[in-house]
Amino acid sequence: MLVALVVFLPLFGALASGTFGRRNRSLANGLAVVPMVLSAFLAVVVWLTLPETPIRQELFPFIQSGGFAVSWAIYVDRLTAVMFCVVTLVSAAVHVYAVGYMQEDASPSRFMAYLSLFTFFMLALVSADNFVQMFFGWEGVGLASYLLIGFWHHKPAANAAAVKAFVVNRVGDLGFALGIAGIFVLFGSVVFEEILPLAADVAEVQWHFAGLSFDALTVTCLLLFIGAMGKSAQLGLHVWLPDAMEGPTPVSALIHAATMVTAGVFMVCRLSPLFAEAPFALEVIAVLGALTAFFAASVALVQNDIKRIIAYSTCSQLGYMFFAAGVSAYGAAMFHLATHAFFKALLFLGAGSVITALHHQQDIRSMGGLAKKLPWSCAALWLGSLALIGVGVPGVFGLAGFYSKDAIIESAWAAHSPIGSFAMAVGLVAAVLTAFYSLRLLLLVFHLPQDTALAASVRAEQAAAQLDGEHSAHGAHHHEDAKEADASGAHGLDSHELDSHGSDSHGFAGVRESPMVMLLPLAFLALGAIFSGVFYHHEFVGDHAHEFWGDAISLAHDPLLEAHGKIPFWVKVSPLVAGAIGIALALWLFMRNTALRTTLATRFAGLHRFLLHKWFFDELYARLFVRPAWRVGEIFFHGGDKNTIDRWGPDGVSSLMARSGARLRKLQTGYLYHYALWMLLGLVLLMGWILFSTTAGAN
Amino acid sequence: MSETLRGLYLLQPTLFIAGAAMLLLVVGAFSNGKRDLRLPALMTLLVAFLLQILSAEFSTPVTGFGGLIIRDGLSDYGAALLLVGLFVSLLLADPWFRREGILRFEWYPLVLLSGVGMLLLVSAHNFMTLYIGLELQSLALYVLATFHIRDLSSAESGVKYFILGSLASGILLFGISLVYGFSGTLDFSVLAHAIEGQEQSAVSGLIVGLTLVVIGLGFKLSAVPFHMWTPDVYEGAPTPVTALFAIVPKVAAVIILARLMLGEGAIISALGVDRVLWALSFLSMLWGALAALGQTQIKRLLAYSAIGNAGYALMGIVAGTEDGLAAMLVYMTIYLVTTAGVFAVVLSLRSDGQAIERLEDLKGFAQHHPLVAVLLGIFLFSLAGIPPLAGFFGKFYVFRAALESGEVILAITGALTSVVAAFYYLRLIRLMCFDSGSVPQERPIPAEYAGIMAVSGVLVLLFLLAPSAPVAFAQSAAASLFP
Amino acid sequence: MELFANPAPILTALAFWVLSGVLVGSALAVVLARAPVHSVLFLILCFFNAAGLFLLLGAEFLAMILVVVYVGAVAVLFLFVVMMLDMELVALREGFLRHLPLGALLALVLLAELILTAIGWHAAQDLRFVSATVATAVPFAEVGAEVSNIKMLGAVLYDDYFLLFQASGLVLLVAMIGAIVLTHRTRPGVRRQEIAEQVLRPAEARIHANNPPIGGGVDWDV
């Protein structure tokens, strides 16, 4: 009952707020926030009272077709309970925050309803006891994400971003769906409890295709991982995440930092017994995760949009989680997932607070010296960043990221494999970069004085981009291929502003700190960012891991637990040192030797451009997939569809149908005796036919 | 227990309604029509529903009155469906009649008595019960079609319906007398038993008689080519009566056909008359889809939709299997729910104090009533059989059952005609959403309509979440014919 | 009556053929007659002949009912209605010839089909036997021959076919409601006798004691 309430309260909130909150702002807020807070409270109760054996509550049967049986059920073990807490707590904080953030928006009930709906889908995803329900939640969060990214649907950029997120996720979802099909073929079931214990039995199964034979489990796991890549924005399918920042900031905090994007990590952990039997798939995951961590961190170095920087940081941290999972340290991955949820949501909400204070200005080049004006936001961003960098004193106390990132680096080392060493090295480099871009953001926004000349030029650029955006939105449709490239590539540079009449003309004179309703969630998340690491690292990755996790994840090959107590000191402090290097570098470049910055930028202009353009992924995809697909589509559209199929198929058939329809209509004369005649005619013919056919049949 | 007592026990919901109808008639007459009978009538149906459910005996068929009636899963399912349909029809009718100012108290007893006829029909186990049930139902419906006596088109539709219906009844009765003449019995199972192993020449009279019976029932079901009355009557009758026609009587007709086709009283299939059903199904699907193209009246369009749907339901029967029967039951259930929603929308369409009946006037409807337009869109999509709405599943089950029993041509025809039918449903949606129009719609929508729309909408939308529950019900109902 | 109760076989056969011949002939005449009044009169002839056939079967009660109800009530009502309606005979006949070929063709085919069916009559003997033995409740078998026609009908109607008898009553009730619904109109200004109101009216309201002045009138405002 309790667990069902946790899941369904947000759904209730979504329906209630969306239905009854249309006229009344406070009703809309209240109807969404209260059930959400209640759900969060119950989730904590579930967490505290979680029994040894998993709770499984069947709601009602879903599909029964031959040997394929699926029910709606809520399955809660430790893994789900972790996700329950993370999702509901962050979601509750974001709901409260959104009350303040969306104060001036025209449709609060729609926003609140989407937000609650998302939470429901996310909870359905994490509490699934089978693949089909998980897929339901998976698609549901995708839908909610689409709706929320495109929430400001009058912004062309927001629409483009929403579509992009949806399409890119579709690629991942195809993999996921195929993976589920593979699971069903392999096991004859899609229920986790039935599948996971059997993983070892099917490890040897081979599939033959096109004369080659493939390890069935590896193929399936890789397909599932493709699904995870899409949702969790891993290298290759990451392109949607930065663009998703077009959505309102609470959305970015909830969906694109704390919860939905971690669904992929969660899925890999949930299926850890499966992945444990597919070592090659794990290696792929580890390498891709490490690369993502490095790639995203490098891009974040030079971005100018405050939210995009944090978005790339999210991408990078997700990479950490994946390579932890890739070296079988699922506990570490989940640990980082949980701590990251808190400090990244804190970062986003802090950034959102800055953005609202500046009337939706997001470009950090036009900010500066805001520490005095926005003390609380500043504190929140500092705390979040320090937690992200992982600051702490070994053995005494540390912020959340200190424990979780440490655990990941140590696991990578303890894996004692080439992949592990590679991941560790890349992870450390990424940690340096992380510290650097975090400090850069903080310094530029809060501490360095505003560069008025630069700010003015940025604003001019934005105004031009806006004009351009509007033009392309109204432009002719046959330029859409160009527009696509434009939306994904060139648009990436400049931030697209909702509010053109905002801060453009006046400076920071009217800047005021956000209201209490926005600061309270910040304080709450800050608590999480400070304490979640120190309180729970023994359970997630330390001495109590075995009794903590139970059978929820596979701990059999966890390198950290195997190497317990034998990790050298240099490994333990290496993330800390990396962070320190990054911080020092940033302080030096931005406080001391500012000239060197410009020199570096001009000296390595190519690299700078490379990073600024996000390794040219969008351009590459546009050239590689979008435009060829467009061209092929054109050929099929004009040649195939219009001139062949439409002409002979639908158009021809439909005109035939219309003509015969008209003829039939003429029979409907309205005269009674015509109708009676028809009936008798039908009778005589049918009777003749039946007499003839039965007699003929008898002979 | 004596046969009569058992029969009375088995038929208690039906008898309760009959008694209540007469009571309502007396109350209405003595209060000079001033007393509002809606609540008592609704309560009657509710109580009857509960009685039906509580006395339901799904597993073992029981006959009563010496085999005149039967209670089994099929009759219980049918009765429950009918009672829900009648309930909804009463709810739908009231606000419309009141706004038009033509509500008279006789409406309630007439609807209830037609319901008694339908309930007799679904539990008929003898041709006489079949005939009397059918007549009781039809006679009440003839009157209802003419209920708006000052309206010429209502009178015209009533007369047409009455005369053609009498012709159909005559055909049916002639068929029954042939059956009796050639076999000496009217009891379904006795007849089924008697024709076992008989020579072809011995049963030719039965074949003709049964063909006539099927044709008579096909008329009630508005199956092509005995459907000609449908568009005219649907258009002419007052809209709530049209809703009643569309929602309820078809259920009774298909269920009695199913009983004659399958199980222990399987006379139709034993004699090879299922070919007639095949033809009716085929023609209905085709005609319903094609003739609906280019209609300009909402109610005429719905009439053709009803014709087409009769074809799909018949397909489930023609399949001749347990699965087919279950599919047909699910199909009828979904059809009932969806149609109720559609009519709730249609009945709430008004402008300048006039009911809207032309498709033209729906132009731009989505701008005035976005939520209602979305709901109507959902219902139409469901009728068109577009996944993941309920209507898709209904068609899917029927097609699957037909394919599994080798009725490939029917299944293909069904799929193709669904495509054609989708065209006119979608055209309606286009009119509503994308054409701009100037006819303002009246607000507010009566609570009854809003409620029915909401419930139907939720059911249609959420069917895919738990399709196995209604399917399981239908399957257990169907299984009771195959002990 | 004696003649019908125990007639010679040849007489029975003769009566059957005459009665059914006239029946079919007059039925045709109902459809073909030019004047509607004639049609109704032929219909009455039909009823009489059918009643005769019932008598041949030994069903006197049914025969009498047919005469009393159908001839005495229904057909006479028809006659009145037909005579009161002002119908244009020419308009009714219009199109008769035009539709005759198709109608005749249909009728012929139908006839052929029915004849084909009728050929199987004797073959179905066996079938009738089986169904008679299978039937669990055969009402006629239990009743002795000496029981009168009415008694037997009563036994069958009120016992075995109790349900259908009552349901038929409902059919008639619906027909009655229908007739009222379709024709009854509440006209304004019609004076009705309200018996209850009359009875309940107190004496004071009924009697007015007036003492009109000479030359003045009574105030009449009741």
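**Legends to close-up views of the predicted model**

**View 1. Chain A as a whole.** Chain A comprises 29 helices and 6 strands in this predicted model. The C-alpha trace of chain A extends over about 105 × 60 × 55 Å along its principal axes. Among contacts in chain A with a separation of 6 or more, 80% come from residues 24 or more positions apart.

**View 2. Tyr75(A) and its strand.** Tyr75(A) belongs to strand E2 of chain A, which runs over residues 68-76. Is Tyr75(A) buried or exposed? Tyr75(A) has 23 other C-beta atoms within 10 Å and is therefore buried, the cut-off being 20 or more.

**View 3. Surroundings of Tyr75(A).** When residues up to four places away in sequence are left out, Tyr75(A) touches Pro54(A), Arg56(A), Thr80(A), Ser127(A), Ala128(A) and Asp129(A). Ala124(A) lies 49 residues from Tyr75(A) along the chain, and the C-alpha atoms of the two are separated by 9.6 Å.

**View 4. The contact of chain A with chain C.** Chain A contributes 6 residues to the contact and chain C contributes 5 residues. On the side of chain A that touches chain C, 5 residues are nonpolar and 1 is polar, with no charged residue.

Notes: Residues are numbered from 1 along each chain as its sequence is written. Chains are lettered from A and ligands numbered from 1 in the order in which they are written. This is a predicted model: local features need pLDDT of at least 70, side-chain atom pairs count only at pLDDT 80 or more; totals for chains, interfaces and linings use all residues. Two residues are in contact if their C-beta atoms, placed from the backbone, lie within 7 Å. Ala, Val, Leu, Ile, Met, Phe, Trp, Tyr, Cys and Pro count as nonpolar, Asp, Glu, Lys and Arg as charged, and the others, Gly among them, as polar. Helices (H or I, at least four residues) and strands (E, at least two) are DSSP runs, numbered from the N terminus. A residue is buried if 20 or more other C-beta atoms lie within 10 Å of its own, exposed if 12 or fewer, and partly exposed in between; C-beta atoms are placed from the backbone.
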